[in-house]
Amino acid sequence: DQSVVMMSVSVCCVKCPNDAESYGELIEIIDYSMSMAKKTRKGMITYTNELDLEKIKLEKAIEKAIKLAIDRDELLVYYQPIYSVKNGVYNSAEALVRLYDEELGWISPEDFIPIAEKNGLILEMGEMILEKVCRFIHDFKISDTTVEYIEVNISPVQLIQHDFADRVKTIMEKYGVTPDQINIEITETATMNVVSTVSENINSLVDYGIAFSLDDYGSGNANIDYINHMPFKIIKIDKYIIWDSFKNSKAGITLEYTIGMLNALELSIVAEGVETEEMKRQLTEFGCHYMQGWLYSKAVPDIEFMQLLQAEV
């Protein structure tokens, strides 16, 4: 018997040494260029001058920096305090990952997080960050301070892993961290296509006692349905929404009524990007429960964060 197999060819032409100065760089450009050719120009010839080679090289360099930081355990976790209007103290903090590379310098999370999500490194990175946070809670005896919990950002890529909830519990139990000491932040993007695995992970962690925050509310495509049907306890209003409300009267009215709605739903509200006393005053009048932003502090290393807490006393 004979079988007919239909095949297509994607070809990418790379100029050497114009496009790459070393063997390793050449392989990276070929690999990336061929993947792009298969996606966008299947069955055609792609030339590297049609691609943004500088962007390709930078992305590969950032990917290497991420891998190196993970291998060397050099990912940094900084903490930005969150102020409780009611109690007048820092009641929590958001854990934020920082990445420094000897060649690239400080790399913005807006640049390296999407790359880590695309190539799967976010899984190892996410676990490493959670472990560092749990170690911080344990070693610095956070339960003896005014800080009730630490917020940890979780990627949609992590949420779709079948064993995600179990791995979170294992790390927390390793350091004796209780469920009420961790709050998980997810973005609107993570809730837009809720598959069964995501729901199972979220429900498992909620049952365990971990609270969830919806981060950057107002910046994406999600609507009130997500708040109505997902077990969020905290809504974090995106800083750009906050800033716009102080420049545009219509935006200010929208924000005021949004906060009123969230209060009516008995949700806790965090205002992000608070930078002035005027912002604090107005947002407090609107009904925000918590404030986060440079008025209080930027994200700082663990020892500096503890000094902020001590300065409160």
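A: Happy to; what follows starts with the helix packing and then turns to the pockets. Please keep in mind that this is a predicted model.

Let's begin at helix H4, which spans residues 121-139, and look at its partner helix H6, residues 164-174. Their axes come within 9 Å of each other, with a crossing angle of roughly 30°. Angles under 35 degrees count as roughly parallel, so H4 is roughly parallel to H6. As for handedness, the crossing of H4 past H6 is right-handed. On the H4 side, the residues that take part are Glu127, Leu130, Glu131 and Cys134, and they meet Arg167, Val168, Ile171, Met172 and Lys174 of H6. Sorted by class, this contact has five nonpolar and four charged residues, with no polar ones.

H4 also has a contact with helix H3, residues 109-119. Here the axes come within 5 Å and cross at roughly 115°. From H3, the contact draws on Phe112, Ile113, Ala116, Glu117 and Asn119, while H4 supplies Leu121, Ile122 and Met125. Six of the residues in this contact of H3 with H4 are nonpolar, one is polar and one is charged.

Now for the pockets. The largest pocket has a volume of about 1400 Å³. Its lining is made up of 43 residues, and those nearest the centre are Glu94, Leu96, Pro109, Asp215 and Asp216. The lining of this largest pocket divides into 17 nonpolar, 13 polar and 13 charged residues.

The second largest pocket has a volume of about 480 Å³. It is lined by 21 residues, with Ala61, Lys64, Ala65, Asp101 and Glu103 closest to its centre. H2 provides the largest share, with eight residues. By class, the lining of the second largest pocket holds nine nonpolar, two polar and 10 charged residues.

To bring the helix part back together, H4 meets H6 through residues that include Leu130 and Cys134, and H4 meets H3 through Leu121, Ile122 and Met125.

Key. Residues numbered from 1 in each chain as written. Predicted model: local features only at pLDDT ≥ 70, side-chain atom pairs only at ≥ 80, totals over all residues. Heavy atoms only, no water. Axes fitted to C-alpha atoms, helices over the stretch in contact; angles between N-to-C directions. Helix = DSSP H or I, 4+ residues; strand = E, 2+ residues; numbered from the N terminus. Parallel < 35°, antiparallel > 145°, perpendicular 65-115°, else oblique. Left-handed = near helix turned anticlockwise from the far one by under 90°. Contact = heavy atoms within 4.5 Å. Nonpolar A, V, L, I, M, F, W, Y, C, P; charged D, E, K, R; others polar. 1 Å grid on protein atoms, 1.4 Å probe; cavity = no way out; pocket = protein on both sides within 12 Å on 5 of 7 lines; lining within 4 Å. Points joined across faces, edges and corners; volume = space filled by probe spheres on them.
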